[in-house]
Structures are given as C-alpha cells and as structure tokens.
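Thanks for coming. I have one structure to show, and I will go through a few local features of it.

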Amino acid sequence: MFDRVLLRFGEYMVKGKNRGRFEAQMLRHVQASLRSFGRLTVTKTYGRIYVALNGECYEAVAERLKDLFGISSFSPVKRVESELEAIREGALQVMRLFPDAERTFKVSVRRVWKGFPHDSQEMNHLVGSHVLRATPGLKVDVRRPDVELRVEIHPKDTYIYSDVVPGAGGFPYGTNGKAVLLLSGGIDSPVAGWAAMRKGLEIEAVHFYSYPFTSEQAKDKVVELAKRLSRFAGRPLKLHLVHFTDIQTSFAQAKQDRLIITLMRRSMLRIAERIALREGALAIVTGDSLGQVASQTLGSMNVIGRTVDLPLLRPLVMMDKQEIIALADRIGTYETSILPYEDCCTLFVPQSPTTNPNLRVIETVESHIPGLGEMVERAIAGTETLKLTPEDAGAGLTGAGKDEWF
C-alpha cells in the first residue's frame with residue numbers, strides 16, 4: 001500500500017539563514033543512515049524529504065528513522081498521480097486500511113501546486129464525499145476526528161497519508177560542531193551524549209580504563225554503549241580508549257584519599273581536552289548532574305572544571321536521577337549501563353570523598369605527584385581509537401550493575 005515515507009523537519013528548518021545548510025545536512029544524514037536499505041531512494045523537494053521504499057519494508061525503515069535527529073515527524077504515504085480521480089481513489093484505499101467499526105474522519109488538503117484546477121476547500125469536499133459514499137458507517141468530524149486524512153498535491157505526484165509518527169526532533173547531527181564525550185560505563189554519560197547529539201553536536205567518546213584493576217568486560221560494556229550512540233549518529237562513532245592505570249595508581253599512592261576523585265577527574269579532563277583539540281572538537285561533554293555524587297557538587301565541579309580551557313557542556317546538570325534513568329531506558333542504554341562491570345572511578349571511590357575541595361590544595365597535591373605531566377603525555381600517546389557502528393559484533397554482556405562517577 002504505502003510506497004513512500006514523508007519526513008518533516010524541526011522548527012529550525014522553517015526560517016533563518018541556515019535553512020539551506022541544515023536541509024542539505026539532513027538529506028546527507030538520512031541517506032547515510034538508510035544506506036543499508038539498498039533499494040530505497042531519498043530525495044528532497046519543497047522543504048520535505050521523501051524516501052521511496054522501492055520494495056523495502058516500511059516497518060524496518062521506520063524503526064531506523066525514529067532515531068534520527070532533526071526529524072520532527074514522519075508518515076507512510078501513498079503516491080498517486082496529481083489527477084482528481086486518482087487522488088480520490090487513493091484516499092479511499094488509505095481509509096480502507098482502518099477497521100470497519102464506526103468512526104469519524106476529516107480531509108485536509110495541502111495544495112503545494114497552485115496550478116491544480118481545484119483549490120484546497122474544493123478538494124476537501126471532493127475527496128471527502130467520495131470516501132463517505134464508499135464507506136458505510138463513516139462520519140465527518142472536522143474538530144476531533146478519529147482519522148485525519150491528509151492530501152499533499154505536488155505538480156507530478158500527490159501524497160496521501162493519515163499516520164504521523166513522532167521523530168527524535170532536535171538538530172541534524174553535526175550541524176552545531178564537534179565535542180568529545182567522557183563516556184563511562186554508567187547510566188548518566190550515554191544519556192548526556194545522546195542529549196548533546198540531539199542538539200546537533202558530532203561527538204567522539206573518550207573512555208578511561210585501568211587494566212588490570214578493571215576487566216575486559218568493563219571495556220566491552222563501554223564499547224556496547226558507544227555502538228548504541230552510533231545508531232543516533234547515523235555513521236561510525238569514534239571511541240578513544242585511554243589507559244589510565246599509571247595515573248590512577250600515582251594518585252592512590254599520594255595518600256590523599258578524600259581528594260582522589262577530584263584528582264582523577266582533573267587529569268581525565270586534561271587528557272580529554274588534548275584529544276579534543278587533536279580531533280578538531282570545541283567542547284567537552286560530561287554526564288554531571290548537580291549534587292548527585294561528591295564530584296558533582298558545585299564546589300567540586302568548579303575545581304574540576306578549572307583544569308581546561310574548552311567549554312564544559314553538562315546536559316544533565318539540572319535533572320534528577322529518575323529523569324535520567326527514564327531517558328536511558330527510552331534511548332536503549334539503560335540495560336547495558338547497569339551491567340556489573342565497574343569503571344576505574346568506581347573502584348577507587350573513598351568512603352568520605354570531599355564535596356568542597358580547595359583549588360590551591362589540589363594544585364599543590366598535583367605538583368607533588370612525580371612525573372604526572374609525563375604520565376598524561378604517555379596516556380594520550382597510547383590512546384586506542386575504535387570506529388563503531390551498530391552492526392559491529394556485540395560483546396555479549398549480561399548481569400546488573402552499579403552507578404557511575406562521571
């Protein structure tokens with residue numbers, strides 16, 4: 001029945017000088033994301049994107065489209081010739097997809113092609129009367145119909161549909177620059193990455209691991225999370241794996257247990273900033289939520305954030321834990337995030353971490369860590385980079401786990 005999918009853009013597409021750039025980026029994004037469907041074609045016209053299925057399964061394509069940022073909604077449509085009888089017959093076929101139970105409907109015609117011989121109001125009547133005559137039990141309700149039958153008339157083709165599926169919204173991926181994401185194995189940071197991507201940021205993830213203190217399963221867990229985020233990117237996502245054991249061990253040997261989380265996070269940001277600059281990124285995204293843990297009090301975030309010059313973006317900073325969990329469940333990262341493999345921060349959490357560190361004290365402690373600068377350089381030089389897509393082989397992790405520290 002349906003042979004096309006109509007994609008609608010968000011509000012940013014409607015006006016402004018960037019409209020052309022956003023539309024072009026959105027077209028490329030859709031084409032890249034649907035590349036695995038070999039038979040379909042993607043075209044843009046009149047501020048809309050149309051996907052011709054050409055025999056591909058609509059349900060599979062729709063499942064992919066739901067995750068694409070920049071799409072406010074989409075609809076499966078039937079294409080007919082822009083001729084009155086063809087439009088009326090196509091409208092009847094769409095309405096016959098609904099159950100035979102008594103129901104109400106209205107017709108909404110949008111005449112993009114002003115050369116069509118009947119105006120929108122005439123077409124509402126001409127199409128509606130044809131459907132009514134052929135469908136017993138159907139009634140008209142222009143205010144609160146059970147079904148709104150929509151008709152868009154273009155010069156060559158007319159598109160008929162009734163279902164409107166909500167999209168992910170936001171901006172097309174990559175239209176607002178690039179940032180790096182501090183990605184742990186917990187609940188918060190993948191959600192922060194998703195929120196940044198929804199705002200049009202291209203992201204590259206940075207993960208810190210401390211083998212042998214952390215297991216290979218802990219690293220595999222993060223790979224799974226990055227693969228899930230790559231689904232929203234619509235293209236391969238870079239994951240930078242940083243070996244953090246030497247730096248973490250040196251902090252543990254400094255006998256400053258209450259400060260160890262602050263010290264670790266400052267070094268992580270230093271490394272993340274260097275990677276960001278190398279990759280052409282202009283910001284760092286973290287999963288901080290104000291007051292959630294000791295390193296996320298205002299005092300701690302102030303001292304930790306002073307380590308870097310790049311902007312620190314904290315999409316979750318004003319959200320509570322239940323809101324974050326609900327989003328994690330919605331985007332498909334929650335079940336992986338709660339697996340029982342601990343990240344490097346979780347393993348070194350003291351019983352009473354400081355919630356209001358003093359910057360001068362922290363800087364003094366750092367200055368007395370032997371070779372800290374050299375260890376940071378080695379960690380950056382030894383970074384392993386993976387390019388991940390949703391189709392990459394999975395790690396096969398199972399179980400339930402703990403919360404995160406960044």
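This is a predicted model: local features need pLDDT of at least 70, side-chain atom pairs count only at pLDDT 80 or more; totals for chains, interfaces and linings use all residues.

Residues are numbered from 1 along each chain as its sequence is written, and side-chain values use heavy atoms, with hydrogens and water left out.

Helices and strands here are DSSP runs, numbered from the N terminus, with at least four residues in H or I for a helix and at least two in E for a strand.

Start with helix H5, residues 188-198, and H6. Their axes come within 10 Å and cross at roughly 15°. Axes are lines fitted to C-alpha atoms, for helices over the stretch in contact, with angles from 0 to 180 degrees between N-to-C directions. The two helices are therefore roughly parallel; that term covers angles under 35 degrees. From H5, the contact uses Pro 190, Trp 194 and Met 197, and from H6 it uses Leu 225, Leu 229, Phe 232 and Ala 233. Contact means heavy atoms within 4.5 Å. By class, these residues are seven nonpolar, no polar and no charged. Nonpolar means Ala, Val, Leu, Ile, Met, Phe, Trp, Tyr, Cys and Pro; charged means Asp, Glu, Lys and Arg; the others, Gly among them, are polar.

Staying in H6, residues 216-233, we find Ala 226. Is Ala 226 buried or exposed? Its relative accessible area is 0%, so Ala 226 is buried. The cut-offs are under 20% for buried, over 50% for exposed and partly exposed in between, with a 1.4 Å probe and protein chains only. Leaving out residues up to four places away in sequence, Ala 226 touches Leu 183, Leu 237, Leu 239 and Leu 388.

Next, helix H3, residues 84-95. Its buried residues include Leu 84, Ile 87 and Arg 88. Among the elements covering the buried residues of H3 are strand E4 (71-81) and helix H4 (120-134).

Another arginine, Arg 266, sits in helix H8, residues 260-279. Arg 266 counts as buried because its relative accessibility is 3%. Its contacts, beyond four places in sequence, include Glu 363 and Glu 366.

Last, backbone angles. Most residues other than glycine have a negative phi. Asn 54 has a positive phi, near 50°, and Lys 255 has one of about 60°. Asn 54 is in the loop between strand E3 (48-52) and helix H2 (58-65), and is partly exposed at 41%. Lys 255 is in the loop between helix H7 (245-253) and H8, and is exposed at 69%.

Note on methods:
Angles under 35 degrees count as roughly parallel, over 145 as roughly antiparallel, 65 to 115 as roughly perpendicular and the rest as oblique.
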